[in-house]
Amino acid sequence: MRVPMLLAGLLLAAAPLAAQSRAVADEPQFSAAEICRHVTFLADDRLEGRDAGTPGHEIAAHYVADQFAALGLKPGGTDKDWFQQVSLAEYGLDDRHPATLRVGTHAFANGSDVLIAPSPRFGTATQTVTGDAVFVGYGVDAPELGHQDYAGLDVRGKFAVMRLGMPTGLPQTTAARINRERGMTAARHGAIGILYVVGPNEQRQWRQASDTLLEDTTKWLSDQGFPDGHDPGVRIGAYLNSAAAKALFAGSAMRVEQVFAAAPQRRLAGFALKPRVTLARTSKVKAYRSPNVIGVLPGSDPALADQYVVLSAHLDHVGRDPHLPGDKIHNGAMDNAAGVATMLEAARAFATGKVRPKRSILFVALTAEEDGLLGSSYLAQHPVTGAGRLVADVNLDMPILLYDFQDVIAFGGEHSTMGEIVARAGARMGVRVSPDPMPEEQFFVRSDHFNFVKAGVPSIFLMTGFANGGEKAFRDFLANNYHQVSDQIDLPFNWEAGAKFARLNYWIAREVADAPEGPRWYQGDAFGERYAKDAPKAPRPPVR
């Protein structure tokens, strides 16, 4: 109960701060009719569900850009435009040419004893890589930690073969970093590929990998064609289960059973393996582009204008399903035309207000959230602020605008001073902050704001709460309308609730924009320590 007790105390202390905030700017007006207008347009059948890369999404993107222009915002995209184009690729394995692993004279089919993922980097041509193989223990090259698994080994032009896990005894964050970098480490030593051998005690990891590696997926691509901008280092890789691993270690200095039986803290000395290896795969790839739409309201304070507050909402939805009987269009009225409408109405309040915010505001309609938070991932790694920096993100994703909400849930508010800011904004409107009612769903890591968190930016994801009929409305929507064709404009929207939600988000962003210092992670918070280790921290308020 730590979070709700903390926020309740903040609400009790909020009245004088709210009074101070009123003096900052005149109260803007928020229009239910404007919320209705935006949702009605964005959820129209003619946009066919706004799937990223489709004509419907392009229409929606130009609509948002037109709204930004009408408000007098500045284009925030690349090349002085409203759009930040994101290169995307949908890719999967071509079933007409099954991926295979050959170890000596033994062939192993993909999906049983070997897992070979598709790649977007090689088009539809079959990629075949052949070479000798060298066992490199855990594949760790960290002499400062006493691990030099490549010492004395020549892996140039060969496959680096390694245990799936990490040796024990390493700090958790260090082990995670080393694990992420194993491909780059192998490439630095000249390896052409990686083969991970999976032991009998690692079958859970094998099942998890098989559920994801073999599936079609969508990623954004760097200019070099790297998925999510990450250079994999090596050209190809695979996971090997027991039968394939046993064939790979046949006739070598150690049997694979001995490798798996070795103590996890022990350094495994490497050695050359006998059989030659061939990995082959054919990937089918569809490449396209889809834009983030970005408008900027420049800050009024020269000392703070190069700091940016982000109000984000994803513009895309899941599109049209030709296999459905009858209605085939997922209009996405609540998810997330409602969030975009909220962002646009907050933008109108900022742009037409008498007092401009001190910091700059970045209004962003993001693409490809439904494909894996891709538009926000790209923006977080390719900021459009030049020498400026992001200080906070307020993310608007699927507010349930079906009732007069009396509380909100600020996912992530307990990690930084953003939670205190939400509490003060709610207090001035008589809206309380409630604890996460569904922690098992892990909403904090499931929407676009989390990519800004990973960039070190204190962020929240705000959702209408469970009071005053909210729980029933949310659970009914989740059960009957979420990602269904029924998420459309004929739902019983409460447009006044939409205006109220826009007002709340305005006051959250307003305080961040005008405060003497930007939001800070709390001291000792795991996310702040991991993603913003060197940033100044705030003391966590005492539990009341």
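1. Aromatic pairs. In this predicted model, the count of aromatic pairs comes to 21. One of them joins Phe41 and Tyr63, whose rings are stacked, with 4.1 Å from centre to centre and 15° between the planes. Phe41 belongs to helix α3 (residues 32-42) and Tyr63 to helix α4 (residues 55-70), so this contact ties together parts that lie 22 residues apart in sequence.

2. Exposure of the Phe41–Tyr63 pair. The two partners fall into separate classes of accessibility. Phe41 is partly exposed, at a relative accessible area of 31%, whereas Tyr63 is buried, at 9%. The value for Tyr63 is under 20%, which means that the residue counts as buried.

3. A second stacked pair. Phe493 and Trp495 also deserve attention. Their ring centres are 4.5 Å apart and their planes meet at 5°, so this pair is stacked. The angle is under 30 degrees, the limit for stacking. Phe493 itself is buried, with 11% relative accessibility.

4. Charged surface. Which residues form the negative surface patch? The patch consists of Glu90, Asp95, Asp211, Glu215 and Asp216. Of these residues, Asp216 is located in the loop between α7 (203-213) and β12 (217-220).

Terms used
Residues are numbered from 1 along each chain as its sequence is written. This is a predicted model: local features need pLDDT of at least 70, side-chain atom pairs count only at pLDDT 80 or more; totals for chains, interfaces and linings use all residues. Side-chain values use heavy atoms; hydrogens and water are left out. Patches are made of residues with over 30% relative accessible area and no salt bridge: like charges are joined within 9 Å, nonpolar side chains (Val, Leu, Ile, Met, Phe, Trp, Tyr) within 5 Å. Accessible areas come from the Shrake-Rupley method with a 1.4 Å probe; for residues, only the protein chains shown count as cover. A salt bridge is a side-chain nitrogen of Lys or Arg within 4 Å of a carboxyl oxygen of Asp or Glu. Lys and Arg count as positive and Asp and Glu as negative; His and the chain ends are not counted. The place of a charge is taken as NZ of Lys, CZ of Arg, CG of Asp or CD of Glu. Helices (H or I, at least four residues) and strands (E, at least two) are DSSP runs, numbered from the N terminus. Rings of Phe, Tyr and Trp (its six-membered ring) pair if their centres lie within 6.5 Å; planes under 30 degrees apart count as stacked, over 60 as edge-to-face and the rest as tilted. Buried means under 20% relative accessible area, exposed over 50%, partly exposed in between (1.4 Å probe, protein chains only).
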